Amino acid sequence: MPTPVQLRFGLLGPLSVRVVDVNVWVPPTIRAVLGSLLIRANTVISPTSLAELAAGDDQRIVAPATVRSYIKQLRQVLG
């Protein structure tokens, strides 16, 4: 059985991600999706809703397929 990885997320101030004791750089577009997921932890969010949350005040049009791509990239960054 693999050893679980210790992830820490900082939400006060700039969003930060640490794996064990190493800071992990997360690209800004993916960081918006991660932040949206973190503030709604343990809640199911549709890709459409997540796209709207990640866009925020910017009102960019983010397609649900793009959000799925961001989540795939996020999984790769976090391991």
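**View 1. The end of helix α3 and the residue after it.** Directly following α3, Gly-79 adopts a positive phi of about 85°. The model is predicted, so local features need pLDDT of at least 70, side-chain atom pairs count only at pLDDT 80 or more, and totals for chains, interfaces and linings use all residues. Residues are numbered from 1 along each chain as its sequence is written, and side-chain values use heavy atoms, with hydrogens and water left out. Helices (H or I, at least four residues) and strands (E, at least two) are DSSP runs, numbered from the N terminus.

View 2. Helix α3 spans residues 64–78. Val-67, Tyr-70, Leu-74 and Leu-78 of this helix are buried. These residues lie on the same side of α3 because they cover an arc of only 65° around the axis, taken from the directions from the helix axis to the C-beta atoms. Ala-65, Lys-72, Arg-75 and Gln-76 are exposed, on the face turned away from the buried side. Buried means under 20% relative accessible area, exposed over 50%, and partly exposed in between (1.4 Å probe, protein chains only).

**View 3. The cover over the buried residues of α3.** This cover includes β1 (7–10), β2 (16–19), α1 (28–38) and α2 (47–55), where contact means heavy atoms within 4.5 Å.

**View 4. Val-20 in its loop.** Val-20 lies between β2 and β3 (22–24). Although Val-20 is not a glycine, its phi is positive, about 60°. Val-20 counts as partly exposed because its relative accessibility is 46%.

**View 5. Asn-42 in its loop.** The loop between α1 and α2 holds Asn-42. Asn-42 is not a glycine, yet has a positive phi of about 65°. With 84% relative accessibility, Asn-42 counts as exposed.

Technical notes: Expected span 1.5 Å × (residues − 1).
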